[in-house]
Every structure is written in structure tokens, then in C-alpha cells.
Amino acid sequence: MQANLVLSLLLIVLVGAGGTEAFAADPCSGFKWDVGKEHALFGGPSAALTAGKDEATAPTIGTDRLYQLQLVPQTQVAFALAPGKKMLTDGAYAGLAALQLDAPGNYRISVDVPFWIDVVANGKLAATRDFQGQQSCDAPHKIVEFDLSGAKRFVLQVSGSAKPIVRLTVTQAPAVHP
């Protein structure tokens with residue numbers, strides 16, 4: 001009887017430890033913000049679009065939807081403004097999208113692989129409020145938060161991607177971070 005109790009307790013401890021390891025092994029669990037909404041979007045279907053080579057050919061994207069953007073060689077892109085980070089262009093991919101927002105505020109742009117993200121508003125690069133990423137996570141890999149107030153039209157610029165196809169989503173940030 002005593003041996004069964006000890007065996008049962010040992011089994012409970014081992015099963016509990018396995019669950020902890022599984023949670024700790026999740027590469028997407030280390031974000032300091034609640035990214036449940038973004039993570040859920042990355043788990044769903046995506047809308048396939050071809051990124052623009054210039055503002056005139058940029059497709060329009062909105063919020064709360066996952067997009068799969070087919071980029072073009074970066075040397076073929078006429079950016080609205082020079083990207084905020086100087087990058088090598090050899091083999092890099094880039095593209096533009098027009099960003100349609102229902103209301104001004106703070107927005108998160110979440111991406112699945114490393115590349116540079118800029119938002120152009122009123123002829124200037126929008127300031128980044130905050131950002132974070134998880135090296136081994138691709139759902140999302142990186143999140144950049146911008147204050148997108150005071151403009152009617154925004155241009156999302158993607159540059160420096162090693163991959164020709166990227167996934168991204170735009171979500172409104174919560175009013176206050178925990």
C-alpha cells in the first residue's frame with residue numbers, strides 16, 4: 001500500500017514536471033506583453049497579397065487579419081521614405097502596403113521572420129513606441145508598436161527580408177501594457 005502511494009506521488013511529480021518543461025520549451029511564451037490575439041491570428045488562415053514596388057502598387061491591408069505578402073527584390077522597390085535602418089540589399093526582399101485604420105491609436109505590427117518595419121505618416125517615419133521578439137518563435141517572431149495618430153493614410157514598408165514571402169498582422173494595442 002505504502003509503495004503504491006509513493007509510486008502515485010512520483011508519477012504526479014513526473015507528469016507535472018513534464019508539463020512545466022513543455023511550457024518552458026514553447027518559444028512563443030516569453031513575450032512581456034499579452035500577445036494572445038496576435039498568436040491566434042498567426043494560427044489561422046492568411047490572405048495572400050503581392051507587396052507593392054511603390055506607393056501606387058501597394059495593396060491595402062487592415063487590422064485583425066493575417067496577411068501573407070509576396071515581396072520583391074529590394075533593389076526594385078521605390079520606398080516612400082528611406083528605411084529607418086540601413087541594410088544590405090544583396091539578396092534582400094522588400095515591399096510596400098497601404099495601411100487602412102478605423103481609428104487613430106497605438107498599433108502593433110507582428111511579423112513571422114526578422115526584417116525591418118517602417119510606417120510612413122505625413123511624409124515622416126512614425127516613431128516606434130516599443131518592440132520585442134522571440135528568436136525561435138514565428139507566430140509571431142517580432143512585434144513593433146507604433147503611435148499611428150494624426151494621419152489619414154499610412155504606408156507600411158518592409159525591408160531587409162531574407163525570405164520572399166512573409167506573414168504579418170496589424171492589431172490595435174491595448175490601452176495599457178501590463
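A: Start with a definition: two strands pair if DSSP finds at least two bridges between them. The model here is predicted. By that rule, β6 (residues 105–111) pairs with β12 in the antiparallel sense, over five bridges.

Now the whole sheet. Six strands make up an open sheet, and the pairing is mixed. The order runs β1-β3-β12-β6-β10-β9. β1 and β9 (128–133) are the edge strands, each pairing on one side only. From one strand to the next, the twist averages 25°.

β1 covers residues 46–50 and β3 covers residues 66–70. They pair in the parallel sense over five bridges. Here Ser46 stands opposite Leu66 of β3.

Next comes β12, residues 165–172. β3 pairs with β12 in the antiparallel sense, again with five bridges. Tyr67 stands opposite Leu168 in β12. Gln68 has Arg167 of β12 as its bridge partner.

Past β12 lies β6, then β10. β10 spans residues 142–148 and pairs with β6 in the antiparallel sense over seven bridges. Among the contacts there, Ser110 has Ile143 in β10 as its bridge partner. The order then ends with β9.

What holds such strands side by side? Strands of a sheet pair through backbone hydrogen bonds, either parallel or antiparallel.

Conventions. Residues numbered from 1 in each chain as written. Predicted model: local features only at pLDDT ≥ 70, side-chain atom pairs only at ≥ 80, totals over all residues. Heavy atoms only, no water. Helix = DSSP H or I, 4+ residues; strand = E, 2+ residues; numbered from the N terminus. Axes fitted to C-alpha atoms, helices over the stretch in contact; angles between N-to-C directions.
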